[in-house]
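Have the viewer open as you read, and take the points one at a time.

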Amino acid sequence: MASVASDVAAVESGVAAAARAAVVSVKTRLMVAEGKADEAVKFYKAAFGAEELNRISYSKRKANQELPLIICADFKIGSSVFQVCDKTDDKTSAKDGGSDIVFWLEAEDVEGIGAKLVEAGAVLEEKVIVDESSCSCAHIASGPVGKYKDPFGFTWLIAQTKPTDLEA
């Protein structure tokens, strides 16, 4: 009987350890050029109506800076949370082995979101009308897809999604 109890305890311990190691959430962190994070904050608020949840700034600023650098600012767009940070070194850039980021946003009014992006300072790079032969994203998009580049170099794809079988 003691051996069964110790086996159960070992299994419960392993389950508890696995639960502690589970990922709770993933946040995208946008690293912008040093001193540009405050501008990025304003852009994302204007373009997407982003809600700023939290901001942590460096306690000191350099003599040539108006504002302290932002260590991290948390934002919410819809139900998604992301971060904007001032880059203080080049170790995370794509040219130095980091990776590029492309955001895929789903919206009912693709043109309306695109207009907000352009008004806030983004550039329309490409507008694609999706059909089965023209786009690799045809399996998930049902209408126009707009490709925009924001003032900080990030690409945003805005798309309408296909209705699911449950919605049909």
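1. Let us begin with Glu126. Leaving aside neighbours within four places in sequence, Glu126 is in contact with Val145, Gly146 and Lys147. You will find Glu126 in strand β6, which covers residues 123–129. With a relative accessible area of 40%, Glu126 is partly exposed. Please look at Tyr148 as well: Glu126 and Tyr148 are 22 residues apart in sequence, yet their C-alpha atoms are 7.1 Å apart in space.

2. Now a step back to the whole chain, which is a predicted model. The protein has 3 helices and 8 strands. Read from the N terminus, the order of elements is α-β-α-β-β-β-β-α-β-β-β. Of the 168 residues, 30% count as buried. The accessible surface comes to about 10,900 Å², and carbon and sulfur atoms hold 54% of that surface. Among contacts with a separation of 6 or more, 54% join residues 24 or more positions apart.

3. Next, Asp74 in strand β3, residues 70–77. Is Asp74 buried or exposed? Its relative accessibility is 10%, and buried means under 20%, so Asp74 counts as buried. The side chain of Asp74 makes a polar contact with the side chain of Gln83, at 3.0 Å. Not counting residues up to four places away in sequence, Asp74 also touches others, including Lys27, Glu51, Glu52, Leu53, Asn54 and Phe82.

4. Strand β3 also holds Ile71. Ile71 is partly exposed, with a relative accessible area of 37%.

5. Please turn to helix α3, residues 110–120, where Val110, Gly114 and Leu117 are buried. Why do these three lie on the same side of α3? They cover an arc of only 60 degrees around the axis, which puts them on that one side. The general rule behind such a pattern is that an α-helix has 3.6 residues a turn, so residues three or four places apart point the same way.

6. Last, follow the chain out of the helix. Just after α3 comes Gly121, which takes a positive phi of about 125 degrees.

Technical notes
Residues are numbered from 1 along each chain as its sequence is written. This is a predicted model: local features need pLDDT of at least 70, side-chain atom pairs count only at pLDDT 80 or more; totals for chains, interfaces and linings use all residues. Side-chain values use heavy atoms; hydrogens and water are left out. Buried means under 20% relative accessible area, exposed over 50%, partly exposed in between (1.4 Å probe, protein chains only). Helices (H or I, at least four residues) and strands (E, at least two) are DSSP runs, numbered from the N terminus. The arc is that of the directions from the helix axis to the C-beta atoms. A polar contact is a pair of N or O atoms within 3.5 Å; within protein, one must be able to donate a hydrogen and the other to accept it, and residues adjacent in sequence count only if both atoms are side-chain atoms. Contact means heavy atoms within 4.5 Å. Accessible areas come from the Shrake-Rupley method with a 1.4 Å probe; for residues, only the protein chains shown count as cover.
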